[in-house]
Amino acid sequence: NGTVQKPAVTVTYDGEELQQGSDYRVTYGNNVEAGTATVLVSGRGGYTGELTAEFTIEAADMQADVSAAGYQGVYDGNAHTVTVTAPQDAVVTYSTTEDGAYTAEAPTRTDVGKTTVYYKVEKANYKTVSGSVDIEITVADMEEAVSAAGYAGTYDGKAHTVTVNAP
């Protein structure tokens, strides 16, 4: 969580619990970031010597703070992409293959078809969140989108035009 971690230390000698401050001193190292930290116990008063122990600071989970949405729609000629929402200072990267190279730019799709977009969200001291969402574009129905108007009349030997309107 980005704060100093100081787990409690209990020191015993011949079955008797010693007192921190008068019998020993505790010093911590590397105890802010996720990973391996140390605690050094140094004898004081009637006790001498030093003992070092390690403890682990686990990476925090940010899964609940990450959301992803793909796109599903009808072909409209525009490029569409995915949206990944992540905590501040997190780095989001994307790929079109799960084991491929990830980049900061989210892939897009314009044409009919489906693209699976893999994403990773990384932030110091947090577990990486990864997943995938799809961009899926289906065929547009021309009958619903296109209208046509043309000449209506008796043959007169002249050229006439038909107007087609599409969105």
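The aromatic pairs

Modeller: Let's start with Phe-55, which counts as buried at 16% relative accessibility (buried means under 20% relative accessible area, exposed over 50%, partly exposed in between, with a 1.4 Å probe and protein chains only). Keep in mind that this is a predicted model, where local features need pLDDT of at least 70, side-chain atom pairs need 80 or more, and totals for chains, interfaces and linings use all residues. Numbering runs from 1 along each chain as its sequence is written, and side-chain values use heavy atoms, without hydrogens or water.

Searching the whole structure turns up two aromatic pairs (ring centres of Phe, Tyr or Trp, its six-membered ring, within 6.5 Å; planes under 30 degrees apart are stacked, over 60 edge-to-face, the rest tilted). One of them is Tyr-13 with Tyr-47, edge-to-face, at 5.6 Å centre to centre and 70° between the planes. Tyr-13 sits in strand 1 (residues 12-13) and Tyr-47 in the loop between strand 4 (35-43) and strand 5 (50-57), so this pair ties together parts 34 residues apart in sequence. Strands (E, at least two residues), like helices (H or I, at least four), are DSSP runs numbered from the N terminus. Tyr-13 is partly exposed, with a relative accessible area of 48%, and Tyr-47 is partly exposed too, at 26%.

Now back to Phe-55: its ring centre is 6.2 Å from that of Tyr-28, with the planes at 85°, so they're edge-to-face. Here Tyr-28 in strand 3 (residues 24-29) is linked with Phe-55 in strand 5, distant parts of the chain 27 residues apart.
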